[in-house]
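My notes follow the structure.

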Amino acid sequence: PVPWRPMAVTASEPPRPGSAPWWLGRTRARPERRPRKDGITLERIVAVAVEVVQAEGHEALTMRRLAERLGTGPASLYRHVAGRDELVALVVDHVIGSLPRERPPRGDWRTRLEWLARRIRDHLLVHRAFVPLITSAQLLGPSSMRGREAVVSMLLRARFTPVDAVRTQLILQHFIVATVQLEVRAAARTPAERRQLRELFAGQDPARFPTVVAHAGVLATQRSEDEFEFGLQAILDGVAPLQGDPPGA
């Protein structure tokens, strides 16, 4: 069978892997999958790529390294995936889809969104090696689509307008990803590092930075989880007034 290739945006420029045109092309193409003699499938390629990133970091994910792990040559991989960018899009969607399925707690939309946001953050932190790859993937694959469907439909049932429901889903998604990216880049500070941070703030010129000096202890002791919870509650407080009145009100 002819290997799948993404639909082109123009005659000369194929769509960027992970973009909407790229996923749309994959959805429409529905390539026929037949087992090859070498036993290499797209599913196996993605699974081994996940293992490479987990063990060696995202920078180690190359077509050559992947071929080595699979015991084959890069040419065998190109029958299934056009290059590293396509592979990254598929790997990120796989990791997003590996979030354990659990029944949400009983409660209103806010209770459920708080629960979901914390679960996604925890999941991404467990898979922190993949976080640097997320922005390039754009979160438009099947796994991300399931999450989008769940959140937007829940907000619609809670009487948010379609526009407000979609914007709430987007701002939460962006907030979670952004805070996790910052947390992954800056490793958790040790007690000694926090003392040094406090000394840095307290040691500033009080004439120029009186507020920083006065509140050095508070500035130096904020944890990433505290920042996340504060931001999450601020977002939900902000969108809560957008909920419509119940039927018959």
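I began with Glu51 and found a relative accessible area of 39%, which makes this residue partly exposed. The model is a predicted one, and I read each value below with that in mind.

I next looked up the partner of Glu51. I found a salt bridge between the side chains of Glu51 and Arg69, at 3.3 Å from N to O. Glu51 belongs to helix α2 (residues 42-56) and Arg69 to helix α3 (residues 63-70), so the pair ties together parts that are 18 residues apart in sequence. For Arg69 I noted a relative accessibility of 34%, hence partly exposed.

I turned to Arg121 and Glu183, whose side chains meet in a salt bridge at 3.0 Å, N to O. Arg121 sits in helix α6 (residues 109-126) and Glu183 in helix α9 (residues 162-185), so this contact ties together parts that are 62 residues apart in sequence. Are these two residues buried or exposed? I recorded 9% relative accessibility for Arg121, which counts as buried. Glu183, with a relative accessible area of 17%, is buried as well; the cut-off I applied is under 20%.

I also looked up Arg223 and Glu225, and found their side chains joined in a salt bridge of 3.2 Å, N to O. Arg223 is partly exposed at 39%, and Glu225 is partly exposed at 31%.

Finally, I noted the count for the model, which comes to 13 salt bridges.

Methods
Residues numbered from 1 in each chain as written. Predicted model: local features only at pLDDT ≥ 70, side-chain atom pairs only at ≥ 80, totals over all residues. Heavy atoms only, no water. Salt bridge = Lys/Arg side-chain N within 4 Å of Asp/Glu carboxyl O. Helix = DSSP H or I, 4+ residues; strand = E, 2+ residues; numbered from the N terminus. Buried < 20%, exposed > 50% of the residue type's maximum accessible area, 1.4 Å probe, protein only.
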